[in-house]
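Colleague: I should like to go through the reasoning behind the descriptions of this model. Please show it first.

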Amino acid sequence: MLSRLDHIQKNKLLLPLFVLGLLLCWFLAFDKTFEAVKLNRKLKEESEKGNDISFNPAYVQEKLAALNLILKSYKVDEQWNDKLWMQSSAIAAKQNVSVDFTLDKPPIEADNTTVGRLQALHFYGGYIQLVKLVDTLERSRGIGKISALKVKAPKADVVGDRGKKCVLRLDFRGL
């Protein structure tokens, strides 16, 4: 049959055969691929909505429990200065570190930006001893949390025993 057609008639049949080939490809391959892509997009959108942790009640409960645990570690009682002094001096004695306790004077003007109470302690000793002390104090309960830490190297021009030791200042904050 094709042998009876001349070159012009074959060219006229080329366009309908091309359209028929495209339809055949669409139904056999592209249609299934297109449906799979649409299903993939739909499932990804549903997955993103389900994984949105701001609306996930389990995540909210876990976050609230973690925040309560953090706040509980800042809780101190009315005898906080005494307890802080006693525990920190006992821990410092075990680490062979000396300690100075200076009561901070409250500012003349009321500052409403700070929350809780603040207390500073100065420790004198070797660097490794001071690091061990910080680790132990951080794990201690009922004395608040360390809010600031400052370490100074030994000064050669200072006369006396403390001139040869590192100085550590720890600021504790309690609610």
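Modeller: A helix here is a DSSP run of H or I with at least four residues, numbered from the N terminus. The model is predicted. Asparagine 96, which follows H3, has a positive phi, near 60°.

Colleague: How do you know that the span of helix H3 agrees with its number of residues?

Modeller: The expected span is 1.5 Å times one less than the number of residues. Helix H3 comprises 15 residues, 80-94, and should therefore span 21 Å; the C-alpha atoms at its ends are 21 Å apart, so the two values agree.

Colleague: Which residues of H3 are called buried, and what makes a residue buried?

Modeller: A residue is buried when its relative accessible area is under 20%. In H3, that description applies to Trp80, Leu84, Ser88, Ser89, Ile91 and Ala92. They cover an arc of only 165° around the axis, and therefore lie on the same side of H3.

Colleague: Why are Met86, Ala93 and Lys94 called exposed, and which face of H3 carries them?

Modeller: Exposed means over 50% relative accessible area, so each of these residues lies above that cut-off. The face that carries them is turned away from the buried side of H3.

Colleague: What is the confidence across the protein chain?

Modeller: The mean pLDDT of the protein chain is 79, and 81% of the residues score at least 70.

How values were computed: Residues are numbered from 1 along each chain as its sequence is written. This is a predicted model: local features need pLDDT of at least 70, side-chain atom pairs count only at pLDDT 80 or more; totals for chains, interfaces and linings use all residues. Side-chain values use heavy atoms; hydrogens and water are left out. Helices (H or I, at least four residues) and strands (E, at least two) are DSSP runs, numbered from the N terminus. Buried means under 20% relative accessible area, exposed over 50%, partly exposed in between (1.4 Å probe, protein chains only). The arc is that of the directions from the helix axis to the C-beta atoms. pLDDT is the predictor's confidence in each residue, from 0 to 100.
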